[in-house]
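Hello,

Here is the structure I promised to pass on to you. Have a look at it first, and then read on for my notes on what turned up in it.

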Amino acid sequence: MEKKRAIVCGVSGQDGAYLARLLLEKGYEVVGTSRDSQVSLFANLARLGIKDQVKLVSMVPTDFRSVLQTIVKVNPTEIYNLSGQSSVGFSFLQPVETMESIAIGTLNLLEAIRFYEKPVRFYNAASSECFGDTGELGASEETPFRPKSPYAFSKAAAFWEVANYRDAYGLHASSGVLFNHESPLRQARFVTQKIVQAAKKISRSGKGDLRLGDVKIRRDWGWAPEYVEAMYLMLQQEEPNDYVIATGQTHSLECFVDLAFRCVGLDYKNHLQVDMDLIRPTEIRSSRGLPERAKDVLGWKSSFKLDDIVRKMIDGELF
């Protein structure tokens with residue numbers, strides 16, 4: 001039986017690296033894409049010890065010809081679209097680049113699959129940011145989108161592209177609406193990694209401050225290696241669909257800070273400084289997911305709690 005072959009777009013990121021590892025463990029041939037694979041470092045793949053096992057190719061998602069050529073050359077059975085500008089904060093500074101990299105990139109992949117006319121299953125990384133404020137009631141797959149950032153409305157556009165191509169052309173295309181999920185592979189620009197690194201640095205030096213914006217916001221945080229398992233499971237279903245992936249629990253950013261500083265034996269109140277310049281033009285007050293469909297259909301459920309996640313990030317545990 002021929003091996004399954006998967007293209008992972010955005011393989012250099014946190015989710016792309018963990019997904020590549022998972023697929024390799026399941027016997028896949030994994031092809032990871034980057035805009036320029038010859039200059040990209042792929043540090044996350046190296047940290048997981050799998051860089052030499054992933055075939056790395058250059059592909060520009062915003063260039064349709066580049067996308068189609070890659071698909072024809074690789075002949076994949078599955079494509080996972082995790083690429084695109086990934087920072088909510090940065091999207092306010094570069095909204096056009098954000099929209100193009102996410103919405104146009106996704107559209108090119110869908111259109112290329114349609115032209116290819118071979119059975120390729122497609123996963124698209126949507127985002128809980130599409131929902132905007134969910135309140136304490138939470139959001140399911142039926143909850144309307146109310147995006148509050150360029151990143152969020154770009155992800156919402158990509159979500160509806162997937163839904164349209166699924167309905168109009170019969171593509172096996174699914175979106176995972178993932179709520180926040182973390183690991184030591186998170187880039188430093190993400191607030192959770194900023195908190196973790198600040199706590200560790202202050203614990204070593206005995207001095208210093210952590211500057212954050214609104215610490216009262218609440219998020220639904222999960223463990224990234226578990227979330228990529230849900231991505232894989234979506235493409236193993238007979239019928240495509242969209243799924244909310246979350247823990248179903250929320251915690252404040254201040255709680256995250258408290259847990260991180262306690263892990264290194266410090267009281268966060270002695271080091272936290274609220275900086276009004278770090279508050280975004282529009283902010284989500286509370287974000288919580290309702291993952292019942294994922295539990296019922298995929299058999300997926302998160303097992304790591306926030307204190308587990310923070311400790312593993314502090315300790316640098318990759319698994």
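Let me start with the aromatic rings: there are 12 aromatic pairs, counting rings of Phe, Tyr and Trp (its six-membered ring) whose centres lie within 6.5 Å, with planes under 30 degrees apart called stacked, over 60 edge-to-face and the rest tilted. One of them joins Y28 and Y232, an edge-to-face pair at 6.2 Å centre to centre with 80° between the planes. This pair links distant parts of the chain, 204 residues apart: Y28 is in the loop between α1 (14-25) and β2 (29-34), and Y232 is in helix α8 (residues 224-234). Helices here are DSSP runs of H or I with at least four residues, strands are runs of E with at least two, and both are numbered from the N terminus. Y28 is buried because its relative accessible area is 5%, and Y232 also counts as buried, at 15%. The cut-offs are under 20% relative accessible area for buried, over 50% for exposed and in between for partly exposed (1.4 Å probe, protein chains only).

Another pair is F131 with F145: their ring centres are 5.3 Å apart and their planes stand at 70°, so this pair is edge-to-face. Both residues are in the loop between β5 (121-127) and α6 (150-169), 14 residues apart. F131 is buried, at 3% relative accessible area. F131 and F145 also belong to one aromatic cluster with F159, W160 and F179.

Before going further, a word on the source. This is a predicted model, so local features need pLDDT of at least 70 and side-chain atom pairs count only at pLDDT 80 or more, while totals for chains, interfaces and linings use all residues. Residues are numbered from 1 along each chain as its sequence is written, and side-chain values use heavy atoms, with hydrogens and water left out.

Next, helix α7. Just after α7, G206 takes a positive phi of about 80°.

F256 belongs to helix α9 and is buried, with a relative accessible area of 0%. Leaving aside neighbours within four places in sequence, F256 is in contact (heavy atoms within 4.5 Å) with T192, I195, V196, W221, L306, V310 and M313.

F42, at about 55°, lies in the loop between β2 and α2 (43-47) and is buried, at 3% relative accessibility. E117, at about 60°, is in the loop between α5 (95-116) and β5, and is exposed, with a relative accessible area of 71%.

Finally, V274 is in strand β13 (residues 272-274) and counts as partly exposed, at 48% relative accessibility.
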